[in-house]
Amino acid sequence: MLWLDNVHWFVTNVACLILALLGYYRSHLSHRPCKRWFVFGALAYFTGGVLWIFEVLTKQTNFPAQSDIFYPLMGVCLIIGFITALRSQLSAAKTWAFSIDTISFSIAVLSYILILYLPQSSEVSPLQLAVLSAYPASLLSAALVSLLLIPYLRPAWMMPWLMLSAGLTLLGACWMQWNLNALNHVPQTSLWTNYGFSAADLLIGSGLYGWQVRIAKRVSYHRQCRRVRGWIPAITFIFSISTLALIWWQSGPHPYAYYIAIGSVMMILVFSALRQSILLRESEKLLLAENLLAEKERQYQQLSRNDPLTRLPNRLAILTLLEHAIITAADASDTVALLMIDLKQFQSINDSFGHHTGDLYLLEIAQRLQYITHESGELGRVHGDKFALITSRKTDAELVHLANNLCKIVHKPVLIEGHELILDAYIGISLFPRDAEDAEQLARNANTALAHAKHGTQHPYLFYCKEHTRLAQNRFKLDVQLRKAIKKQEFFLQFQPIFSLGKQQPVICNIEALIRWKTNKGEVVSPAEFIPYAEQSGLILPMGEWIIAEAFKHWAKLVKDSGHEVGLSINISPRQFRDHSLPLRIAGQLQRYHLPARLLTLEITESAVFEHEEQALETLKQFKAIGVRLSLDDFGVGNSSLFKLKHLPLDELKIDRAFMIDVPESSADSEIVSTIIKTAGILGLSVVVEGIETEAQLEFLRKIGCDCIQGFLLGRPMDIQGIPPLLVAAKTQTLSA
């Protein structure tokens, strides 16, 4: 019978070890440190079983023997594994508190076992009693710790935890009964005890295999676990006191039982006090962290409501103040005005002198605005160089006076770090209830008025009107449509011929590429509608790249098919002109299609050339190095002068059609055009005049010696297929001459 018991004990020990190893290898890397201790515990118990069989075979009767060292180690290793798992999830203080709870439970269990063993331990030595107590004490403590760990780690799958606790409890109970039988000198083997060992091994192995730290997601479950954690010290103390009192009352006191009971209770009390002091220190740290967090939150709230540079209310605070002002004004049937103040070309200060100088400038302007508005209302900085002023009970005339004062005080020079800085202000004004009924709409309307004030020329301030909103909405729709058109390639090119004037009939010498837009609904949008906005929004850059690529493709095919060296003119927008890599891309296109650079004319507007003259001169020189011709487009409508032209590497002037409307009927306009053409000839520049629509205009220009003309009289914009017949006619005319 003993041999049969040894066989199934050994088999279940092996099964327990194998299941523990499999559980280790299938676990996540973050769980392996704790499960490694589980393997050590199963290995220690397996080693104890092997040594036990060896002792039975060799008939060793010494107690304690070698196997008695390894059996109790299982509980110790499992407890270490539990604490290791806890350390990976909780703070050090809470881990220490749990460890103290573990010690308290273990003391209570050990005291329970000692008092149970003492009446039968008169014939055993203290060492033998300690070994006999260590068996069930370590295993039952591990079972209790496993259950105690549940409210701390809140596992999503409880079954492996319960199986492990049940197996440890059964194994501890079996060892307790085994040792009691030994102390009472009765047979140690019994049916339920022997098979209890094997069942316990299988339960423990199954629990170790499936045990994992996977936290449940249910909030109610987490709240229950927190409540249980709060009661653990009281449960520990009540468990120890009630258990010891029960054992004392049932079995009768042993000479040492009194001291064991009192000692264990005192130790549990000491450990409970230590646990509470650790948690109290942790609570103090948590309270300090919460106070720090609250202070940071107050600072954040202050920063979220105030601009960190000027300490003025920021955009969110201004909106709140505006809402309160509107509510107050509505109750009193009063008005509220919102003034949006923006600085003209403030970015140039940052670009030229750095952001530090820009910040100092904004501080000075903010102080000036505060000085003039401290009695007028609430001033805030809503974004970058934009300020907002909320004021009440002012008429339009008073607001105009206030806006003038604000513009004057901003325009005064500011001396910062040796630099005298002067900027102008633009102001958009919107009123409640005339323009809007809520704060957000009032702010939008003030911004709309500000945007129109920036583009105005008469006054730096502007009141809102509904027309502004309509225009802004139209611009938004146009932006969306343009972006879709670029993506869907809804653009196409037309070419308008340019004719040279000689003694005979005008002859085509050049073609100008002109972009057209045909929407997906079949509507053709005028370039006058979308080109200005494309330039303003920056969409002109991808459009310009497409124009260059498409124009070169058509031009190359035209030259190849016709055999005529016709020139090409392409308009270069101001934004394109500021692109430093544009000359290289133009040279690349010429090289790709093997076209002579002398036939290409780039038409550049006055605003692009004279806005940043030094940079423009450098770009013009790069174009001239390629060999292309440069034309100053729309000459006469800007701020350029003939005197400035002599310093620029230009080849051509293109006189705007506005000068030709009343020619030759108007002697003044005729004299202006004649003077420009003669002066351009002195400077060595050829001239192209736009807008020729009558024979009288053509005859006038021929008489004064104009080089080239362009207009509806001789040729409207057309598809590229319409150009070859004009080239054939020009060739025929040349041969006949």
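**Group meeting: a buried aspartate and an open sheet**

Good morning. I begin with D201, which sits in helix α8, residues 191–210; helices here are DSSP runs of H or I with at least four residues, strands are runs of E with at least two, and both are numbered from the N terminus. The model is a predicted one, in which local features need pLDDT of at least 70 and side-chain atom pairs count only at pLDDT 80 or more, while totals for chains, interfaces and linings use all residues. Residues are numbered from 1 along each chain as its sequence is written, and side-chain values use heavy atoms, with hydrogens and water left out.

Leaving aside neighbours within four places in sequence, D201 is in contact (heavy atoms within 4.5 Å) with W9, T12, N13, C16, Y45 and L171.

I turn now to the sheet. Five strands form an open sheet in the order β2-β3-β1-β6-β7, with mixed pairing; two strands pair if DSSP finds at least two bridges between them. At the edges are β2 (377–383) and β7 (461–463), each pairing on one side only. On average, neighbouring strands of this sheet are turned by 20° against each other, direction ignored; axes are lines fitted to C-alpha atoms, for helices over the stretch in contact, and angles run from 0 to 180 degrees between N-to-C directions.

Strand β2 pairs with β3 (residues 386–392) in the antiparallel sense over 6 bridges, and E378 stands opposite I390 in β3. Helix α14 (residues 396–411) lies across β1 (336–343), β3, β6 (425–432) and β7, at about 155° to β6. Helix α15 (residues 439–455) also packs on the sheet, touching β1, β3, β6 and β7, and its direction makes about 145° with that of β6.

Finally, the chain as a whole. Its secondary structure comes to 26 helices and 16 strands, and 46% of its 737 residues count as buried.

Key
Buried means under 20% relative accessible area, exposed over 50%, partly exposed in between (1.4 Å probe, protein chains only).
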